[in-house]
Amino acid sequence: MARSRVSRWLNRRTGALMLVPGLCLVLALAVIPAISSLGISLEERALAGGAGSSWTGLTHYADWLRDPVFWNAVRLSLIWTIGAVALQLAAGLGVALLLSNSFPGRGLVRALILIPWILPIVTTANIWVWMFNEIYGVINSTLIASGLISRPIGFLSDPDLSIFSAIWVKAWREFPFAALLLMAGIQTIPKDLYEAAKLDGATAWQRFLHVTLPGLKLVLLIILLLQTIWTFNDVSTVYLLTRGGPGSSTEILPILVYNTSFIGGDLGKGAAGAVLMFAIVAVIVAVYFRQYARSETEVRG
């Protein structure tokens with residue numbers, strides 16, 4: 001009898017017990033470091049270590065919010081995130097629509113578009129630094145040879161162009177992810193809807209607007225959330241391309257926090273900047289989930 005009761009108890013709680021390893025991993029890799037960062041942000045702590053730290057309360061947060069450098073980094077981060085995510089979605093959707101049609105060699109093309117996503121970020125950055133180079137870069141050489149420009153363009157050295165060049169590189173590297181998910185989403189849209197729209201006299205553009213886009217709405221929202229978070233928090237792409245320069249023209253928030261913590265050696269202020277970054281992302285996620293719940297209700301309704 002006792003063994004039977006234990007068996008029933010285990011059966012009822014099997015699902016919960018299977019979550020324990022994952023929850024422990026999240027606790028160790030996310031929750032504890034986040035709490036630690038919050039604690040460090042309230043202290044005066046140097047990277048060099050020393051005797052210890054002193055309590056500063058919200059001083060670091062006040063310093064950040066009064067600093068025009070911080071707000072410039074916020075502005076650049078928004079430009080960087082919105083521009084890169086918009087390009088990724090547009091390119092991904094276009095490629096997904098093209099590759100959803102049957103044509104010779106489609107399988108090979110589907111494999112080839114994954115190359116930018118598969119390449120290590122260091123390799124990608126080095127390729128584009130070489131291509132953007134003013135002296136021997138292939139882009140400037142081609143434009144000059146074709147007569148479109150008379151002198152080289154400083155894609156990464158011009159403060160007015162550098163952030164947009166970084167956006168292009170980010171979008172080029174990440175659009176295959178969007179294309180992959182959107183191709184899968186297109187396959188789930190019933191063919192009957194397209195046939196019915198054709199019978200009603202709908203053009204290709206009308207079928208795209210009234211059949212394809214509504215059918216991809218939830219997939220687009222998921223891609224939008226993931227790419228927004230990944231792009232906003234991405235430090236490697238811009239750092240490898242420009243190190244945040246020239247000047248501070250590409251010093252987005254992750255690079256500003258990194259420079260403050262590890263170049264300037266102020267871990268306390270750097271941790272406060274990281275917490276503010278988390279707060280911005282949390283607001284974005286909250287808005288997303290509200291929109292996602294509304295869209296899911298519309299789809300089910």
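Residues are numbered from 1 along each chain as its sequence is written. In this predicted model, local features need pLDDT of at least 70, side-chain atom pairs count only at pLDDT 80 or more, and totals for chains, interfaces and linings use all residues, while side-chain values use heavy atoms, leaving out hydrogens and water.

**Exercise 1. Ring pairs**

Count the aromatic pairs, then classify Phe70 with Trp71 and Tyr239 with Tyr258.

Solution. 
- Rule: rings of Phe, Tyr and Trp (its six-membered ring) pair if their centres lie within 6.5 Å; planes under 30 degrees apart are stacked, over 60 edge-to-face, and the rest tilted.
- The count under this rule is eleven aromatic pairs.
- Phe70 and Trp71 have ring centres 5.1 Å apart and planes at 75 degrees, so this pair is edge-to-face.
- Burial uses relative accessible area (buried under 20%, exposed over 50%, partly exposed in between; 1.4 Å probe, protein chains only). Phe70, at 3%, is buried, whereas Trp71, at 45%, is partly exposed.
- For Tyr239 and Tyr258 the centres are 5.5 Å apart and the planes at 70 degrees, so this pair is also edge-to-face.
- Tyr239 belongs to helix α13 (residues 236–242) and Tyr258 to helix α14 (residues 253–263), so the pair ties together parts 19 residues apart in sequence. Helices (H or I, at least four residues) and strands (E, at least two) are DSSP runs numbered from the N terminus.
- Tyr239 is partly exposed at 25%, and Tyr258 is partly exposed at 32%.
- Ring pairs also link Trp128, Phe132, Phe155 and Trp172 into a cluster.

**Exercise 2. The largest pocket**

Find the volume of the largest pocket and describe its lining.

Solution. 
- Rule: on a 1 Å grid over the protein atoms alone, a pocket is an open set of points where a 1.4 Å probe fits, with protein on both sides within 12 Å along at least five of seven lines; lining residues have an atom within 4 Å of a point.
- Grid points are joined across faces, edges and corners, and the volume is the space filled by probe spheres set on the points. For the largest pocket this gives about 580 Å³.
- There are 21 lining residues; Ser37, Ala271, Ala274, Val275 and Phe278 lie nearest the centre.
- At least two lining residues come from each of α2 (14–41), α12 (217–233), α14 and α15 (267–300). The largest share, eight residues, is from α15.
- By class (nonpolar: Ala, Val, Leu, Ile, Met, Phe, Trp, Tyr, Cys and Pro; charged: Asp, Glu, Lys and Arg; polar: the others, Gly among them), this lining has 17 nonpolar, four polar and no charged residues.

**Exercise 3. The second largest pocket**

Solution. 
- The lining includes Leu97, Ser100, Lys191, Arg207 and Phe208.
- α10 (191–199) and α11 (204–215) each supply at least two lining residues; α11 gives the largest share, four.
- The classes are five nonpolar, three polar and two charged residues.

**Exercise 4. Helix α3 and Trp64**

Solution. 
- His60, Tyr61 and Trp64 are buried in α3.
- Down the axis of α3, its buried residues fall within an arc of 100 degrees (taken from the directions from the helix axis to the C-beta atoms), so they line one face of the helix.
- Lys269 lies over the face of Trp64, 4.9 Å from the ring centre. The rule asks for NZ of Lys or CZ of Arg within 6 Å of the ring centre and within 35 degrees of the ring normal.
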